[in-house]
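Trainee: Hi, I'm new to this one. Could you walk me through it?

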Amino acid sequence: MDDDSHSRGTTMLAIAKMVDFPNKFREKLRVMSVNTLAVRCGFVQRTPRKIDPQNFVLSFFLMVLHGGYSLSSFAATLGLFERQCISKQAINKRIKEPLIRFLEELLAKALTQGIHLHTKPKHHLLSTSFQRVLIHDSTSIRLDPSLAEHFPGARNARSTRSATVKIQAMFDLLSERFRYFKITPFTVNDQAAATAMIDCVQPGDLVIRDLGYFVLRVLHAIECKGAFFISRLRYGITLYCFHDAETPLNLLKMLKKQQFLDIDVHIGTKEKLPVRLVALPVATSVAAQRRRALRCNRDRRLNPSQHHLALLGWDIFILNVDRSILTAVDVVEIYRLRWRIEIIFKAWKSHFRLADVPYSSVIRVQLYLHAMLIFLTLFHANIYAPLALSASGNQKIDLSLLKLSRFFKVQFWAMVLFASQPRIIEQQVLYHCKYESRRKRQNFLQQLARLG
């Protein structure tokens with residue numbers, strides 16, 4: 001078989017997996033011992049006569065695609081799998097605490113399942129320097145106000161109660177896999193979540209976070225685990241000379257003189273954590289936009305000082321990665337990759353409608369969110385990642401996650417009709433789901449390639 005035939009064959013295999021996702025996901029669920037988990041969690045107490053746990057989960061996945069979130073729709077889809085009629089009342093009886101425990105364990109299993117790709121993506125600088133590159137961020141979803149007691153949200157000036165749920169997520173850029181999820185009320189802030197995820201960090205990892213997760217003791221804990229971090233510097237943190245941890249530094253004064261810095265410092269009045277500080281100037285337009293945003297922040301307590309506004313003219317990072325591994329320019333380029341998880345959140349909400357929580361009871365909200373996260377984890381790992389890798393390596397085409405998510409959601413049933421003609425589907429996917437050519441801005445895969 002020549003190289004062209006082999007390339008087409010691997011892409012066709014990825015296309016076939018996308019079209020036949022119910023059976024492929026069924027196999028994944030079997031590997032994850034779904035039936036055993038269901039018994040252990042009490043979701044199934046005896047041999048199921050009507051509702052099989054695998055079919056229950058798969059029925060929800062299909063509901064994600066056709067958008068029918070009612071119990072009647074769920075019952076009809078499940079009935080097709082079970083080859084018998086199932087009432088919505090029978091479904092409703094199963095939506096209890098044991099089901100949530102079952103889905104929680106199933107999600108944990110999904111996060112630990114390996115993706116055995118034939119060829120792993122190679123990003124020389126990242127893959128040779130770090131075991132994993134973990135992006136930690138969160139997304140919030142507004143719920144019906146009646147759930148404010150269980151999922152309290154932010155209060156406005158009128159002290160009106162709202163309900164919001166927050167999903168904390170950790171994503172590994174190197175393997176294109178999610179490693180961690182946690183569902184909390186909105187009132188559990190990101191700093192608290194920063195501490196909760198420490199157990200997930202392993203030696204050799206690189207953790208990238210935004211300012212919301214800035215906690216010095218957590219950065220110290222990451223370092224103690226033999227891992228690395230890159231973080232923006234939070235305003236107001238005291239800096240000290242590296243060789244004299246009692247002498248404060250005037251960072252703005254240094255930047256006005258030198259514009260660019262790559263120095264070793266200690267940070268924190270109590271912690272005196274030794275770190276590397278990198279500061280590079282940003283474009284005048286970017287600095288102006290940041291200042292406008294800070295002045296217009298809805299939290300009127302901020303009242304930014306001129307000193308604070310002046311520092312917005314630089315990108316300022318702290319890290320514990322040696323200069324022999326990452327240059328200052330590398331640090332800026334790698335930190336930009338953090339936006340990948342924002343794109344993933346956008347795909348979830350825009351195309352798979354994660355934010356359209358259709359239920360008003362606590363247990364149904366939990367059912368919906370856990371089942372959605374299982375589906376999204378399996379979709380990314382077993383459909384997007386293999387297909388994007390194949391298209392990039394064989395056809396030299398970079399596939400957009402947003403476009404493929406939309407295509408998969410909208411065209412799934414059309415793809416089923418052409419399941420026996422995968423070349424037709426391949427042609428449409430490679431044409432409609434590729435990144436557009438842009439001169440001024442690079443896509444995510446191009447940014448990764450630059451680091452190689």
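Trainee: Which residue in β4 does Val133 stand opposite?
Mentor: That's Leu206. Before we go on, keep in mind that this is a predicted model.

Trainee: Okay. How many bridges join β1 to β4, and do they run parallel or antiparallel?
Mentor: There are 3 bridges between β1 and β4, and the two strands run parallel. Strand β4 covers residues 206-209.

Trainee: And what about β1 and β2, how do they pair?
Mentor: Those two are antiparallel, with 10 bridges between them. Strand β2 spans residues 163-172. As one example, Thr139 has Ile167 in β2 as its bridge partner.

Trainee: Why is β1 described as largely enclosed?
Mentor: Because 9 of its 11 residues, in the stretch 133-143, are buried, the rest of the structure largely encloses it.

Trainee: Changing topic: where is His266?
Mentor: You'll find His266 in strand β7, which takes in residues 261-267.

Trainee: Is His266 buried or exposed?
Mentor: His266 counts as buried, because its relative accessibility is 12% and the cut-off for buried is under 20%.

Trainee: What does it touch, then?
Mentor: Setting aside residues up to four places away in sequence, His266 touches several residues, including Thr238, Tyr240, Cys241, Phe242 and Pro274. With Cys241 there is also a polar pair: the backbone oxygen of Cys241 is 3.4 Å from a polar atom of the His266 side chain.

Trainee: How far apart in space are His266 and His66?
Mentor: They are 54 Å apart, C-alpha to C-alpha, and 200 residues apart in sequence.

Trainee: Last topic: how many residues are in the largest nonpolar core?
Mentor: It has 120 residues, and among those touching the most other members are Met18, Phe61, Phe102 and Phe408. Helix α16, residues 362-395, gives the largest share of this core, with 18 residues. Apart from this core lies another, of 35 residues, including Ile198 and Phe214.

Trainee: And which residues is Phe102 in contact with?
Mentor: Leaving out neighbours within four places in sequence, Phe102 is in contact with Val34, Leu37, Ala38, Cys41, Phe43, Pro53 and Val57.

How values were computed:
Residues numbered from 1 in each chain as written. Predicted model: local features only at pLDDT ≥ 70, side-chain atom pairs only at ≥ 80, totals over all residues. Heavy atoms only, no water. Helix = DSSP H or I, 4+ residues; strand = E, 2+ residues; numbered from the N terminus. Buried < 20%, exposed > 50% of the residue type's maximum accessible area, 1.4 Å probe, protein only. Contact = heavy atoms within 4.5 Å. Polar contact = N/O pair within 3.5 Å; in protein donor to acceptor, adjacent residues only side chain to side chain. Pairing = 2+ DSSP bridges. Core = buried A, V, L, I, M, F, W, Y, C linked by side-chain atoms within 4.5 Å.
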